[in-house]
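Open your viewer and keep the sequence panel at hand. Each stop on this tour gives you something to select and then tells you what is there.

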Amino acid sequence: MSDMPVKLERRGAIAVVTIDNPPVNALGLAVRQRLLELVPELEADGSVAGVVLTGAGSLFVGGADITEFDHPPQAPHLPELLERIECAGKPWFAAVNGMALGGGAELALACHYRLVSPKARFGLPEINLGIIPGAGGTQRLPRLIGVEAALPVIAEKAQIDGQRAVELHLAAGLVEGDFLAGAIAAAAEMATLPLPSPAAELPVADPGEGFWTEATARIHKSAKGAKAPLAALESLRLGVQKGAMEGLSFERETFLRLRASDEAAALRYLFFAERSASRSSSLRGVEPRRINLAGVVGGGTMGVGIAAALLNAGLTVVLSERDAASLERARTALEAVFAAQAKRKMHSDQEGRDRLARLKRTVGLDELAGCDLVIEAVFEDLNVKRDVFARLSQVCRADAILATNTSYIDPRLIVEGFGSQERFIGLHFFSPAQVMKLLEIIPLPQTAADVKATGFDLAKRLAKVPVRAGICEGFIGNRILKRYRGEAEQMVAEGVDFAAIDAALRDFGYAMGPFEMQDLAGLDISFMNREAARGRGENVPEALGDILVRAGRKGQKTGGGWYDYEPGERKPQPSAATARLLAPSIGAPKQVDPGKIIGRLIKAMADEGRKILEEGIADSPEAIDLVEVHGYGFPRGKGGPMFLSARNAI
Ligand code: 3H9
């Protein structure tokens, strides 16, 4: 039957078992059931000398079926199946044709041998989902390749490719050419050998206390509060020091406990939200336009970041500035970006130079004529932006897409009157644009469908998370940010110490609180926005931040904002000047529990999120949470304000 998730064929004395469970051959209930039936069936079949187990399509197995994790585990469980394969009376050969992730890698580890294609990759990415491997990964892998090689895979997201798997003796052979035929031939030859000991029974050397201490410190630091990485390390260590039996039971218990945790639920929610973000249902079947040559107007922090992101993705970029000196500064800044990326081992020095070689620089806008897409990233001022689009709409090809990176201004006003509106779109990057994953895509009412589709496609090429946003002040992210900051300031006005608010948010998982963040980014930008609105006759009440800016306290760059800073230092220090300036505007000091501070701020964000949904500015609560997590540092392990609010967890 063609819809069977596990297929069985015979090739001479070799039985070929293929997991065919699209999209990623996950080990769902039906797959586990069928595999568990097949082990004794093939064992009993006298004409079978060995079993080749592989995956249909380009993947071996993408892991356990994550959609099952919201429900209680259902037997047969994966560890049970793997133990049965490991103890089978006939050899099972994992023919690893592509990715073997999580439970997929564990399945391969339980087989007697692994044969790999050059495309094979072994990984245990469970920690991304807030769990640890739950089917022997922390026990079998170190017994097959040693603790030092296994630790980065188990607790630090490293992967092992086919070639390396052979070098580590994890794989018995690398098969090139027709992989399945080669694997079957190799299996037929090896099936006559005595069965090797099960991986779980192999001895493993303890690398010693120094290794564990150093690993614990390193993983503690990189985990940033996430529980799973240290739990994975603990499981590995326990199995090495107390034996596989105890290790397996600790591993399973920890896996089940973490699987049921709030953190794992949040991470699963984001896993699926991120995957559905790149597909806008209204654009299904719409072909994006081809973008090879992209222009960026403006070589400031934002323009440089956008250019770097485009160059990183393999595009050729024309960067435009007003004068040669600004262009030179932008190039130096780009060099610094690629040097920093090379230092962090994201690419080699040579690759950094190759990326820079794809950068063309130009003064003025005329040389953007050949671009397929131009992204404007100039000063956030309507008239300045309009001047750019007036010229771009003259010099660029009629089919070129023209995008604004505005973070607040209505894009309709920016391009009004400049010919057909179909080719205009907002592409809102977040700083630093080569790092931050979020891309808000803001279509105008007349933006053509293929222009919108190109926005989503570009996000994919740039490895970003695209979120459609409707037009309103601040779109999704900055609108929620304004509400969040407003609520935080309101608490300060009521007498809550702003340092206590920052501390509560850091404990919650943000890298910094709202006041430290304002000091870093500068208080003057939002001050100027408020002043501009006041200038337009809008009723904008005086904010506490306005008092500080009027006193010259614009943040770190002026040596002080909410906090004081020593020259050249970024560590916030309490400020007597701030206390004096704000005293007339704030209430008597009030102690508030950190949980209450968090609850109030998340509620404010979720309330604004609900309004955003009602107005059609965002498509789903998930979209709002993706904006918060990928654009504003909301802690991933908490899911997002909409997620927490829906679970009544605040
Ligand atoms: C585990 O194994 C626990 C065990 O240790 C213990 C068990 C006892 N399950 O990413 P894509 C869906 S935990 C269910 O766009 P790609 C995904 O939602 C697991 N669904 O494809 C999407 O659905 P849709 C450890 C899954 O080619 C579709 O597949 N494993 C799963 O860019 C395509 O996904 C992992 O953490 C799953 N396991 O990348 C691996 N995986 O089309 C997680 C994917 O409806 N997966 N889907 O939106 C990945 O990293 C990537 O999906 C993979 C393919 C690299 C496999």
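The lining of the second largest cavity is made up of six nonpolar residues, two polar and no charged. In this sorting, Ala, Val, Leu, Ile, Met, Phe, Trp, Tyr, Cys and Pro count as nonpolar, Asp, Glu, Lys and Arg as charged, and the others, Gly among them, as polar. Before you go on, note that this is a predicted model, in which local features need pLDDT of at least 70 and side-chain atom pairs count only at pLDDT 80 or more, while totals for chains, interfaces and linings use all residues. Residues are numbered from 1 along each chain as its sequence is written, and side-chain values use heavy atoms, with hydrogens and water left out.

Select L373, I401, I425, L427, V451, T454, G455 and L458 to show the lining of this second largest cavity. Two elements give two or more residues to that lining: β15 (424-429) and α17 (449-461). Which of the elements gives the most to the lining? It is α17, with four residues. Helices (H or I, at least four residues) and strands (E, at least two) are DSSP runs, numbered from the N terminus. The volume of this cavity is about 30 Å³.

A cavity here is a set of points on a 1 Å grid over the protein atoms alone where a 1.4 Å probe fits but cannot get out, and lining residues have an atom within 4 Å of a point. Grid points are joined across faces, edges and corners, and a volume is the space filled by probe spheres set on the points.

## The largest cavity

Next, select A105, L109, F122, L124, L141, V153 and L170, which line the largest cavity. The space inside is about 40 Å³, and the lining has seven nonpolar residues, no polar and no charged. Searching the whole structure gives two cavities of 30 Å³ or more.

## Along helix α11

Now show residues 262-277, which form helix α11, and pick out A264 in this helix. Is A264 buried or exposed? A264 is buried, with a relative accessible area of 0%; buried means under 20%, exposed over 50%, and partly exposed in between (1.4 Å probe, protein chains only). Leaving aside neighbours within four places in sequence, A264 is in contact (heavy atoms within 4.5 Å) with L129, G130, I131, L258 and R259.

## Aromatic rings

There are 15 aromatic pairs in the structure. Rings of Phe, Tyr and Trp (its six-membered ring) pair if their centres lie within 6.5 Å; planes under 30 degrees apart count as stacked, over 60 as edge-to-face and the rest as tilted.

Show Y269 and F643: their ring centres are 4.6 Å apart and their planes at 35°, so this pair is tilted. Y269 sits in helix α11 and F643 in helix α26 (residues 641-646), so the pair ties together parts that are 374 residues apart in sequence. Both Y269 and F643 are buried.

Then move to F271 and F272, whose centres are 5.1 Å apart with planes at 90°, so they are edge-to-face. F271 is partly exposed at 22% relative accessibility, and F272 is partly exposed at 36%.

For the last stop, select Y484, F508, Y510 and F634, which form one aromatic cluster.

Methods:
On a 1 Å grid over the protein atoms alone, a cavity is a set of points where a 1.4 Å probe fits but cannot get out, and a pocket is an open set with protein on both sides within 12 Å along at least five of seven lines; lining residues have an atom within 4 Å of a point.
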